Amino acid sequence: MLQDKDSASGWTEPRATAVLVLQDGTVLEGFGIGAVGEATGEVCFNTAMTGYQEILTDPSYAGQIITFTFPHIGNVGTNEEDIESVNAASSSGVRGAVMAATVTDPSNWRASRHLDAWLKARNIVGLTGIDTRALTALIREKGMPNAVIAHDPNGAFDIPALKAKAAALPSMDGLDLVPMVTSAQRFDWDESTWTLGEGYGKQTEFKHHVVALDYGVKRNILRLLVRAGCKVTVLPATATAEDVLALKPDGVFLSNGPGDPAATGEYAVPVIKKVLEEKIPTFGICLGHQMMSLAVGGKTKKMHQGHHGANHPVKDKTTGKVEITSMNHGFAVDPDSLPKNAVETHVSLFDGSNCGIALTDRPAFSVQYHPEASPGPQDSHYLFDRFVKLIEDNKAQR
Ligand SMILES: NC(=O)CC[C@H](N)C(=O)O
């Protein structure tokens with residue numbers, strides 16, 4: 001895509017204004033959108049056909065560049081509501097966005113901003129106009145590569161330097177990225193600060209108090225906990241077991257988040273172990289699920305291409321029901337590593353990987369997927385009721 005004038009016809013091929021340079025030296029040239037500059041990360045593909053704004057604000061994507069397999073991204077613009085990060089810290093998630101088609105002007109009654117301006121404001125470097133099918137095929141074959149994404153309106157790229165930079169990036173294996181996105185301090189989640197949808201009316205009376213350990217929590221999880229009747233206190237990922245217990249919670253929620261669960265587990269697992277020892281009802285999602293598994297002695301492993309999409313069928317082995325779920329994970333719990341007191345409750349019908357556990361000797365369970373993300377659309381919301389039931393049963397026993 002170099003600028004090259006054909007003097008006979010006067011035709012000019014446009015100059016590339018953005019590039020994606022993979023660790024293996026592959027260079028993909030296209031057009032820049034969003035933030036100008038360079039960003040680095042692990043490239044994963046997301047197959048969701050809707051929800052790009054939720055995806056781009058999910059703190060679990062910290063340290064990653066997303067390539068969308070759906071070609072038309074951005075055509076409904078962006079709005080003030082479909083945001084999953086909960087504060088300034090957690091909004092520094094995804095590093096880059098790769099899209100097939102040129103982003104058109106927004107056409108939607110909810111749109112308040114063009115994706116271009118919105119990406120700029122969130123410091124996300126974007127690239128359009130590349131063959132995302134080929135990139136996805138490459139990821140399927142070779143696994144998720146590290147890469148540098150660069151956007152320069154003048155198209156001046158030092159390709160050898162970018163290649164060297166991409167090749168030198170550390171693997172996601174072993175990276176604790178939670179400090180980038182966790183809340184700096186404790187706060188009580190207040191629904192009224194957000195524009196609420198139907199059924200999400202402001203709660204003024206709460207039946208239960210839940211402490212949410214924030215490893216990069218998504219907003220809709222907090223909203224659904226509130227809708228289920230819980231007052232939610234959010235604690236930073238570095239909170240100690242004493243910090244949690246001092247609040248005398250009826251339940252503890254372990255959030256989703258970025259990076260390698262084993263790395264974050266170094267400081268989070270002792271806290272989770274203590275919470276489980278105290279028999280406090282506990283519910284974990286995604287990174288929370290992985291770290292609950294680590295806390296009972298299980299192991300996690302890096303996946304080849306991960307699961308990122310909104311059409312993943314999961315079977316609840318306790319009811320036999322299949323739900324269509326949203327997923328975003330690059331690590332998975334090894335079911336063979338689980339101890340006897342951790343029963344596998346959910347499995348992926350795509351590849352049989354573990355999607356959930358329940359403890360037999362503690363009021364605790366967790367899932368690998370995102371029950372709050374509603375692709376089913378509400379197939380998995382029952383998990384929030386399951387959590388509240390655990391809390392209620394636990395209260396009744398005391
Ligand atoms: N969404 C998440 O919580 C992701 C968990 C973890 N970072 C993974 O990639 O597997």
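What follows is a chat about the ligand shell, the sheet, the helices and the barrel.

Reader: Before I start, what kind of model is this, and how are residues numbered?

Author: Residues are numbered from 1 along each chain as its sequence is written. As for the kind, local features need pLDDT of at least 70, side-chain atom pairs count only at pLDDT 80 or more, and totals for chains, interfaces and linings use all residues, since this is a predicted model.

Reader: Which strand gives the largest share of the shell around the ligand?

Author: The shell includes S60, N256, C286, N328, H329, G330 and F331; a residue counts as near if its C-beta atom, placed from the backbone, lies within 6 Å of the molecule. Strands here are DSSP runs of E with at least two residues, helices are runs of H or I with at least four, and both are numbered from the N terminus. The largest share, 4 residues, comes from residues 322-334, which is strand β16.

Reader: And how many charged residues are in that shell?

Author: Asp, Glu, Lys and Arg count as charged; Ala, Val, Leu, Ile, Met, Phe, Trp, Tyr, Cys and Pro are nonpolar, and the others, Gly among them, are polar. The shell splits into 5 nonpolar and 7 polar residues, and the number of charged ones is none.

Reader: How many bridges pair β15 with β16?

Author: These two form a hairpin with 5 residues between them, and G320 in the turn has a positive phi of about 80°. K299 has D334 in β16 as its bridge partner. The pairing is antiparallel, and the number of bridges is 11.

Reader: Are α8 and α9 roughly parallel or roughly perpendicular?

Author: Angles run from 0 to 180 degrees between N-to-C directions, with axes as lines fitted to C-alpha atoms, for helices over the stretch in contact. Under 35 degrees is roughly parallel, over 145 roughly antiparallel, 65 to 115 roughly perpendicular, and the rest oblique. Helix α8 (residues 261-277) packs on α9 at about 70°, with the axes 8 Å apart. That makes the pair roughly perpendicular.

Reader: How many nonpolar residues does the contact of α8 with α9 have?

Author: Contact means C-beta atoms, placed from the backbone, within 7 Å. Among the residues involved are A268, V269 and I272 of α8, and M291, M292 and L294 of α9. By class there are 3 polar and 1 charged, and the nonpolar count is 11.

Reader: What is the order of the strands in the barrel?

Author: Strand β5 (residues 37-46) and strand β9 (residues 146-151) pair in the antiparallel sense over 6 bridges, with A147 in β9 as the bridge partner of G41. The barrel closes with 7 strands and mixed pairing, in the order β3-β4-β8-β7-β6-β5-β9.

Reader: Which residue does a cis peptide bond join to G376?

Author: Omega of that bond is about 0°.

Note on methods
Contact = placed C-beta atoms within 7 Å. Pairing = 2+ DSSP bridges.
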